[in-house]
Protein chains: 2
Amino acid sequence: MTVNRRILLVARPDGLVSNDCLQHVEEPVPTLADGEVLVRVLCLSVDPTNRVWMREEDSYLPAVRIGEVVRAAGLGEVVESRREGFAAGDLVMGLPGWQDYWKLTSEDSAQVVPPGIPAEDMLSIYGATGVTAYFGLLEIGRPQPGETVVVSGAAGGVGSVAGQLARVKGAGRVVGIAGTDEKCRWVVEDLGFDACINYKTEDVAERLRETCPDGIDVYFDNVGGEILDEVLNQITIGARIVMCGAISEYTRSESPGLKNYTSLIMQRARMEGFIILDYLDRFVDAIMELAPLVADGTIKYNVEVVDGLELAPDALNRLFTGEHTGKLVVRVSEASAS
Amino acid sequence: MTVNRRILLVARPDGLVSNDCLQHVEEPVPTLADGEVLVRVLCLSVDPTNRVWMREEDSYLPAVRIGEVVRAAGLGEVVESRREGFAAGDLVMGLPGWQDYWKLTSEDSAQVVPPGIPAEDMLSIYGATGVTAYFGLLEIGRPQPGETVVVSGAAGGVGSVAGQLARVKGAGRVVGIAGTDEKCRWVVEDLGFDACINYKTEDVAERLRETCPDGIDVYFDNVGGEILDEVLNQITIGARIVMCGAISEYTRSESPGLKNYTSLIMQRARMEGFIILDYLDRFVDAIMELAPLVADGTIKYNVEVVDGLELAPDALNRLFTGEHTGKLVVRVSEASAS
């Protein structure tokens, strides 16, 4: 291939990402200067944070500027390297963005990963998704044996692992919240959660009271908004709320606001956010603990693969409409045969 | 005296505490059974939590029931004791409530305190107020040398001590928020805060940006509401929000809601509540550290004394209208000469 397809951000989306916010361009494959590496993108991770980065405000990373390629995490194969530590054929993880070829300059960081693991798995259970569940639950949530753990986005990539890991760590009760009956069934029947609430058809407040009769000790939150506000009403003394994400907020212009936050005072409880990039140097610890649990089937996961770079925008929107189960990735190209 | 004046809660207040919510009654001074203690109330602490306890919902303590005496912390002198560990003349702290005489039954707890310290001081700097500032700031806020600490309710009993203690612990910048120019002047000129924002006349967002150019590392919050929401916009990475109180919420029926809470994710920050009753067994540690700082004038404080039990309801309302500086107490009677 001699063409580099790229998807650029040309306007800030309002709500879902519409076609007029993006421009699909074809450019020549980049050539390298000293210290640079050319990576062919194999697979892209689809994450709520992609949408956060499209907003005008900087977040934990600077906002994507107008005219830049859309930022996304992913996995690629080194085609050519003029930097020590990278060789043709190496698999690397980093932030390639929505394009066929990623030129790693001296300012970009990327990590060489071992071969032999399918690209989709490297981006889910053995990548940031599994590691996010691991550190969020264990470092922030710290579930104790017998406690009640509630997970929102329970059928998503992170939530599905967080709930199963809570059970491994001795939680007495694990309750999920998801958006379709099919997802709820998967979460309970295949992943072993005690219950799963369909927030689109059920009364979340009432169902939480039923399924968590002793209150909520740990809430692993991926959605924010009204559901978080209701959980605040039902937390126990000393509860911990893990703020992993707030997907209900990312596409709306004004939050309904958390009205029940004073419950944190009455219950001496804690709400704490985290960003997985802060744990980069400890990824290996998490993967070493997760890998055998995945290998022996204790922790199950699902990856939905969308084929083709051009479908990346649709894939991202599916996160917000909830039309996916487990981790969502976009396959851009195949690894070379070697 | 042979009469026990008591102020009973007869209806739940909406907003400030109005006369028709209370009934002033005169009853005989209680007689004692075995295991009971009769305490003459000297001084009552006026705290926002008194109003919280009047609401229908239980909080960290059960709601005051209709027909019961209004619950309040205070200090009294033992008149007669039929329980081991208490003797006539002892000074005791506990929850006597709005009345002249408190009968301690076997279910009530009270702590004998050393003589020689004025009752007002026992209820402020050497009592729950100083201790609340101490544990909230040091256990939850944990200011590091050089950090920026913001305190709301900065001219109140707790806030005034929290800000000064932050400076003692090496905070680089201490900024208060209060409701009158006079309070702001006291906080800056007498207590040594670097700045104080009058939230009633100034633009809090803009003034926080001016006075905290590097962002807010620790927010010691006594007020909640819109000010907390604005602070969330200006916190640094790893910031800690100490939820000591939310006085702006206690008299309104619906919260405006926190809209900027996702900042906790982006900034990997923490919001945590606490209740001082959880630290009862460590009060002495706090007082041992605060006492010399008060004695040598490093930490200053102010106590406003309201004379007369019948003024307790007015005193409580003044907390919400902001017409007081420092700690507010109600003097009910004088200690005996002995």
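Me: How many aromatic pairs does the structure hold over all chains?
Reply: The structure, which is a predicted model, holds 8 aromatic pairs over all chains.

Me: Why is the aromatic pair of B:Trp53 and B:Tyr60 called tilted?
Reply: The planes of B:Trp53 and B:Tyr60 make an angle of 55°, and the ring centres are 6.1 Å apart.

Me: What makes the pair of B:Phe274 and B:Tyr279 edge-to-face?
Reply: The ring planes of B:Phe274 and B:Tyr279 stand at 75°, with 6.3 Å between the centres. An angle over 60 degrees counts as edge-to-face, so that is the name given to this pair.

Me: How do you know whether B:Phe274 is buried or exposed?
Reply: The relative accessible area of B:Phe274 is 4%. Buried means under 20%, so B:Phe274 counts as buried. B:Tyr279, with 12% relative accessibility, counts as buried by this cut-off.

Me: Which residues form one aromatic cluster with A:Phe274?
Reply: A:Phe274 forms one aromatic cluster with A:Tyr134, A:Phe135 and A:Tyr279.

Me: Why is the charged end of A:Arg71 said to sit over the ring of A:Trp53?
Reply: The charged end of A:Arg71 is 5.0 Å from the centre of the A:Trp53 ring. The distance limit is 6 Å, together with an angle within 35 degrees of the ring normal. In chain B, B:Arg71 lies over the face of B:Trp53, at 5.0 Å from the ring centre.

Me: Why is strand β15 of chain B called largely enclosed?
Reply: Strand β15 (residues 327-331) of chain B has 5 residues, 4 of which are buried, so the rest of the structure largely encloses it.

Me: How do you know which strands pair with β15(B)?
Reply: At least two bridges are needed for a pairing. β3 (residues 37-45) of chain B has 3 bridges to β15(B), antiparallel, and β14 (residues 303-307) of chain B has 5, parallel. Both counts therefore meet the requirement. Among the positions concerned, B:Cys43 has B:Arg331 as its bridge partner, while B:Val306 stands opposite B:Val330.

Me: Why is B:Pro118 called partly exposed?
Reply: B:Pro118 has a relative accessibility of 41%. B:Pro118 is placed in the loop between β7 (111-113) and α2 (119-122) of chain B.

Me: What makes the relation of chain A to chain B that of a two-fold axis?
Reply: Chain A is superposed on chain B by a rotation of 180°, with 0.0 Å of shift along the axis and an RMSD of 0.0 Å. This is therefore the relation of a two-fold axis. The same surface serves both copies, since 100% of the contact residues of chain A recur in chain B.

Note on methods: Residues are numbered from 1 along each chain as its sequence is written. Chains are lettered from A and ligands numbered from 1 in the order in which they are written. This is a predicted model: local features need pLDDT of at least 70, side-chain atom pairs count only at pLDDT 80 or more; totals for chains, interfaces and linings use all residues. Side-chain values use heavy atoms; hydrogens and water are left out. Copies are superposed by least squares on the C-alpha atoms of residues with pLDDT of at least 70 in both. Contact means heavy atoms within 4.5 Å. Rings of Phe, Tyr and Trp (its six-membered ring) pair if their centres lie within 6.5 Å; planes under 30 degrees apart count as stacked, over 60 as edge-to-face and the rest as tilted. Buried means under 20% relative accessible area, exposed over 50%, partly exposed in between (1.4 Å probe, protein chains only). Helices (H or I, at least four residues) and strands (E, at least two) are DSSP runs, numbered from the N terminus.
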